[in-house]
Amino acid sequence: MPSAVSPSNEFDLIIVGAGVVGTAAARAFGNSGRRVLLLERDLSEPDRIVGELLQPGGVHALEALGLEDCIEDIDGIPCYGYAVIRDGETVHIPYPANDLTGEKEVGKSFHHGRFIQKLRAAAKDTKNVTVKESTVSQLLKDEDEDRVIGVVANAKGEKDEKYYAPLTLVADGLFSKFRKEFTEKTPDVRSYFAGFEIKDLTLPIPNHGHVILADPSPVLMYQIGTHETRVLVDIPGQLPSIANGDLKKYLEEVVAPQLPDSIRPKFLQSLQTERLRSMPNGFLPPSINDNNGMIVLGDAMNMRHPLTGGGMTVAFKDVLLLKELLSPENIPSFTENDVIIQQMGSFHWQRKQYCTAINVLAMALYRLFSAQDSDLAVLQRGCFEYFKLGGNCISGPVGLLSGLIQRPMVLVYHFFAVAFYSIIVEFRLGGWSQVPRNIIRIFTVLYAACVTILPYLFSETKH
């Protein structure tokens, strides 16, 4: 680090991005006594269509970080589980009860921007944390170009400023500018969400997220405020143009007819009055952080389809684990690069305990719910019928989805239980005349199940 650096430009940790991960990390490391600089290009309230549902597992992680107040006083809505709707039939999937208290677990849905502003306020109020509105343009490296030693950033209308720290945490999100410094992997965009709000809609089961199994892919709805309900329509492949009206026409002609009668009129009405926006849905398997002086977290490092709403749960749990591994007791100074890299190796594998089930479930469930061939359609039908069995057939899957069950083998068990039950359902529906076809289906459906889940499980075992 240059010797002539102003003390006001020297920190223990620089964080790039004041979103979910960046603000939580600033709070965590500031409270640990580290001098933290949090840089964000725009500190005004963000306006996004995702990151609006925090699962119960994420709520617990938020509490462990001392940030539970951030979901209060933002007109948030308690969420007690899910309703899955298929062909006009609804299955109620409540969150399980807490093992210690016996009370039902609760998630929270809200306007994303309001939540982020509360997190930013908490970061600003944390001792040792400095928050600046400034755009980071590049990472600074030492003379040998093998270690990040800081960043170059500029506030609006001002000249470039250099900030130095032995460790830089990059958390600049889905469209990360600095991901390429960390990994050659790029997000694999499978679909897009088209999103808008419906005013004063009463959902079939209030205070629950709703998943409507439409063709070709699912529709999500959940209340985010007293008067607002978020609608997210998944559109596989290329997104129709918003500008020329193709997307609006698609929603009116393809999606609306498949919605419940109680929802359709306000859905169509809101299409005429509300702002329609889109967001790419991608998959990015995690990579090990082994760069000197730099850590990458959040969507910049690991992404999954937002169908299950698990992203923020993983983010807060990542911050909790990182805070523990990089604590002053374990690493007195962030100048100890070799020790940090060793701890980041532990971080990569320890986080599998909670992120693997969430990552794999999100991608596998999306593939089932957007069934693109006859075997996946069998699995989708079987999954719905499996949920109807109740008991462990819903408490297990929703425990995984909510971030409360952190055992990947529970996911594998339920996924293949769904596969075998799907075959049973086909035999029941087909009768004796379809027995020869359904015997063949045993093998094709099991193959479809394997190619649905195993590649994602395998991606979690890589560096």
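Some ground rules to begin with. Residues are numbered from 1 along each chain as its sequence is written, and side-chain values use heavy atoms, leaving out hydrogens and water. Because the model is predicted, local features need pLDDT of at least 70 and side-chain atom pairs count only at pLDDT 80 or more, while totals for chains, interfaces and linings use all residues.

Helices first. Two packed helices are described by the angle between their axes and the distance between the axes. Helices (H or I, at least four residues) and strands (E, at least two) are DSSP runs, numbered from the N terminus. Axes are lines fitted to C-alpha atoms, for helices over the stretch in contact, and angles run from 0 to 180 degrees between N-to-C directions.

Take helix 2, residues 56-64. Its partner here is helix 6, residues 311-325; the two pack at about 30°, and their axes are 8 Å apart. Helix 2 and helix 6 are therefore roughly parallel; angles under 35 degrees count as roughly parallel, over 145 as roughly antiparallel, 65 to 115 as roughly perpendicular and the rest as oblique. Their crossing is left-handed, meaning that the near helix is turned anticlockwise from the far one by less than a right angle, with clockwise being right-handed. On the helix 2 side, Gly 57, Gly 58, Ala 61, Leu 62 and Ala 64 meet Thr 313, Phe 316, Lys 317 and Leu 320 of helix 6, where contact means heavy atoms within 4.5 Å. By class, that contact has five nonpolar, three polar and one charged residue. For these classes, Ala, Val, Leu, Ile, Met, Phe, Trp, Tyr, Cys and Pro are nonpolar, Asp, Glu, Lys and Arg are charged, and the others, Gly among them, are polar.

Rolling a probe the size of a water molecule over the atoms shows where empty space is left. On a 1 Å grid over the protein atoms alone, a cavity is a set of points where a 1.4 Å probe fits but cannot get out, and a pocket is an open set with protein on both sides within 12 Å along at least five of seven lines; lining residues have an atom within 4 Å of a point. Grid points are joined across faces, edges and corners, and a volume is the space filled by probe spheres set on the points.

The second largest pocket has a volume of about 250 Å³. Which residues lie nearest its centre? They are Val 59, His 60, Glu 63, Glu 105 and Val 106, out of 14 lining residues. Helix 2 gives the largest share of this lining, three residues, and strand 7 (107-109) also supplies at least two. The lining counts seven charged, four polar and three nonpolar residues.

Now helix 8, residues 352-369, which packs against helix 11, residues 408-430, at about 25° with the axes 8 Å apart. That makes helix 8 roughly parallel to helix 11. Among the residues in this contact are Thr 356, Val 360 and Leu 361 of helix 8, and Pro 408, Leu 411 and Phe 415 of helix 11. Eight residues of the contact are nonpolar, two polar and one charged.

Helix 8 has another neighbour, helix 7 (residues 337-350); their axes come within 6 Å and cross at roughly 45°. Helix 7 and helix 8 are therefore oblique to each other.

How many cavities of 30 Å³ or more does a search of the whole structure find? It finds three. The largest cavity holds about 300 Å³, and of its 22 lining residues the closest to the centre are Leu 361, Leu 365, Phe 387, Pro 397 and Leu 401. Strand 5, helix 8, helix 9, helix 10 and helix 11 each give two or more residues to that lining. It has 20 nonpolar residues, two polar and no charged.

Last, the loops. The peptide bond from Asp 215 to Pro 216 is cis, with omega near 15°, and Pro 216 sits in the loop between strand 14 and strand 15. Asn 128 is not a glycine, yet its phi is positive, near 80°; Asn 128 lies between helix 3 and strand 8.
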